[in-house]
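Okay, thanks for coming, everyone. Let me put the sequence and the model up on the screen, and then we'll walk through it together.

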Amino acid sequence: MKRPNPIQWIGYSCGMRLPDSLQEWVRNDLTGRFAFPRHLVRGLVPLTPIFAAFLLFPGELWLRGAMILLAVLLALFYIVAYMPMNRAHRLAKHGLPADLENPARATRRAAERAAYEARYQR
């Protein structure tokens, strides 16, 4: 599977659309295994200049570190809270169905549904 170069990946992290030749990589990135940790990293990348700017503030190093930690925790909260919407937007932006989900999860859900219907069918 073809992967984006580092410049393309940083642009993708900031919301840029990747070329159609990378559509399969985008599908795997957003729905594949370890999609959640990749989403966290992808969400923090555009904020790193802000975190780095906190190092320029006056004061003790521990205080600046605490500012960065607080900012990272707040960013992680919003990144996780808006993950489904961001994922759907990225999928649609790259020409994929917005409700696309992990194939293993879809198979597991279909098996659970079939077992439920077999058990409770009238």
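So, to get us going: where is the place of Tyr-82? Tyr-82 is in the loop between H5 and helix H6, the latter being residues 83-93. Keep in mind that what you see is a predicted model. At 43% relative accessibility, Tyr-82 counts as partly exposed.

Now look at what surrounds this loop residue.

You describe a pair of aromatic rings by the distance of the centres and the angle of the planes. Searching the whole structure turns up five aromatic pairs. Take Tyr-12 and Trp-25: their ring centres are 5.4 Å apart and the planes are at 70°, so this pair is edge-to-face. Tyr-12 lies in helix H1 (residues 6-13) and Trp-25 in helix H2 (residues 23-31), so the pair ties together parts that are 13 residues apart in sequence. Both Tyr-12 and Trp-25 are buried.

For Tyr-116 and Tyr-120, the centres are 5.0 Å apart with planes at 45°, so that pair is tilted. Those two both lie in helix H7, residues 103-120, four residues apart, or about one turn of the helix. Tyr-116 is partly exposed, at 47% relative accessible area.

One last thing, back at Tyr-12: the charged end of Arg-90 sits over the ring of Tyr-12, 4.8 Å from its centre.

Conventions:
Residues numbered from 1 in each chain as written. Predicted model: local features only at pLDDT ≥ 70, side-chain atom pairs only at ≥ 80, totals over all residues. Heavy atoms only, no water. Buried < 20%, exposed > 50% of the residue type's maximum accessible area, 1.4 Å probe, protein only. Phe/Tyr/Trp six-rings, centres within 6.5 Å; stacked < 30°, edge-to-face > 60°. Lys NZ or Arg CZ within 6 Å of the ring centre and 35° of its normal.
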